Amino acid sequence: MRIGVLTAGGDAPGLNAAIRAIGQMCFRDGHQLVGIANGWAGLAGDFAGRPMVPADIAGIVGQGGTVLGTARFDLDNPPGGRDRVLSSIERHLDALIAIGGDGTQRISHWLADRGAAVVGVPKTLDNDLIGTDYCIGFDTAISIVAESLDRLHTTAASHHRVMVVETMGRGTGWVAAMGGLAGGADLIVIPEFPYTMQEIIEHLVNRRARGDAFSIIVIAEGVNLETLGGHESGELSSEGVRGVRLATRGVGQFLASQINAHGGFEVRTTVLGHLQRGGSPTAFDRIWATRVGAAAYDAVAAGQFGTIPVVHGSRIELVPLADVAHGQRRVPRELYELCAAFF
Ligand code: F6P
């Protein structure tokens, strides 16, 4: 079989571990592994697939990024991209494994519905793919957030400052909430549980009154500016602000400026940005990316197309792509309340 593999959307640490797992199983069973360059772009135009050899996947388990390259590529603008991908799969491949988040898996689902032999693998640093407890890259991202907070704590304490830390998280607050919980944040502001500016100031004032001379506020980039007294320049949907790169909205900087305007606090802002996506994956991401990658290969080998391996608790289950293609996994109230117990 000619088994294609692609990575689409934003990169995430752990992608190479999944590619390696898929490749290793392919070579073991005598199949041909075809690496597709730059996600869907590699199938929508001239076919950008090339046969891979064992040396291509040797030593990459701990490497960040993706050896295949990736891209944010809109198959619907201009229209016709999906059909070109479909025909490219039919002409060049016997099966395709698509590693990506909700956008990628919506395309995988669309293709599988039209008879393409596609299997997905869950990846999103934001951790908001519905129907799975695990997405490639999230564990590394929150480890970076936690380490950053550890570092910011010492300087915040020395200067008695308020530190505002902006994390990734387009429409949901998983990275901010779990990174903040692990790093001892004093307030976590996420789209799921909005605060008004007045509530944030009151919290800072109360903390100081009880003797906490500094505070670390973690805020997800996708928080609605209007709840903080600002103005949204793009349309805000459940998946974030459409048509606007979230980082350019400067939510963290805006929150800091509002605290500054109130007076009485010295504030600094740190935007963690792509540091959360770069570099080597944690052992947890390497292991689980390997497991979901290997499970996707098993699905292909068994002819179980139109599926995606997901993680429930500590088990991998193979579910229809339809289960992950629509909706968004949001931070549940009980988990946020646990975070808030430490504010
Ligand atoms: O979707 C994952 C994500 O990491 C978001 O949290 C973030 O808004 C976005 O990617 C950044 O994407 P880009 O690398 O294209 O700027």
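Modeller: A salt bridge is a side-chain nitrogen of Lys or Arg within 4 Å of a carboxyl oxygen of Asp or Glu. The model to which this is applied is predicted.

Biologist: Why is the pair D11 and R277 called a salt bridge?

Modeller: The N to O distance between the side chains of D11 and R277 is 2.8 Å. The cut-off is 4 Å, so the pair qualifies as a salt bridge. Between domain 1 and domain 2 the count is 1 salt bridge.

Biologist: What are the bounds of domain 1 and domain 2?

Modeller: Domain 1 comprises 2–137 + 281–325, and domain 2 comprises 139–278. Their C-alpha centres are 32 Å apart.

Biologist: What makes domain 1 and domain 2 count as being in contact?

Modeller: Contact means heavy atoms within 4.5 Å. By that criterion, 15 residues of domain 1 touch 14 residues of domain 2. There are also 10 residue pairs in polar contact between the two domains, both residues being at pLDDT 80 or more.

Biologist: How is the size of such an interface expressed?

Modeller: It is often given as the accessible area lost when the parts come together. For domain 1 and domain 2 the buried area is about 1,200 Å², with 48% given by carbon and sulfur atoms.

Biologist: Which classes make up the shell around the ligand?

Modeller: The shell has 6 charged, 2 polar and 1 nonpolar residues.

Note on methods
Residues are numbered from 1 along each chain as its sequence is written. This is a predicted model: local features need pLDDT of at least 70, side-chain atom pairs count only at pLDDT 80 or more; totals for chains, interfaces and linings use all residues. Side-chain values use heavy atoms; hydrogens and water are left out. Ala, Val, Leu, Ile, Met, Phe, Trp, Tyr, Cys and Pro count as nonpolar, Asp, Glu, Lys and Arg as charged, and the others, Gly among them, as polar. Domain bounds come from an automatic or database domain assignment. Buried area is the accessible area (1.4 Å probe) that two parts lose on being put together, summed over both. A polar contact is a pair of N or O atoms within 3.5 Å; within protein, one must be able to donate a hydrogen and the other to accept it, and residues adjacent in sequence count only if both atoms are side-chain atoms.
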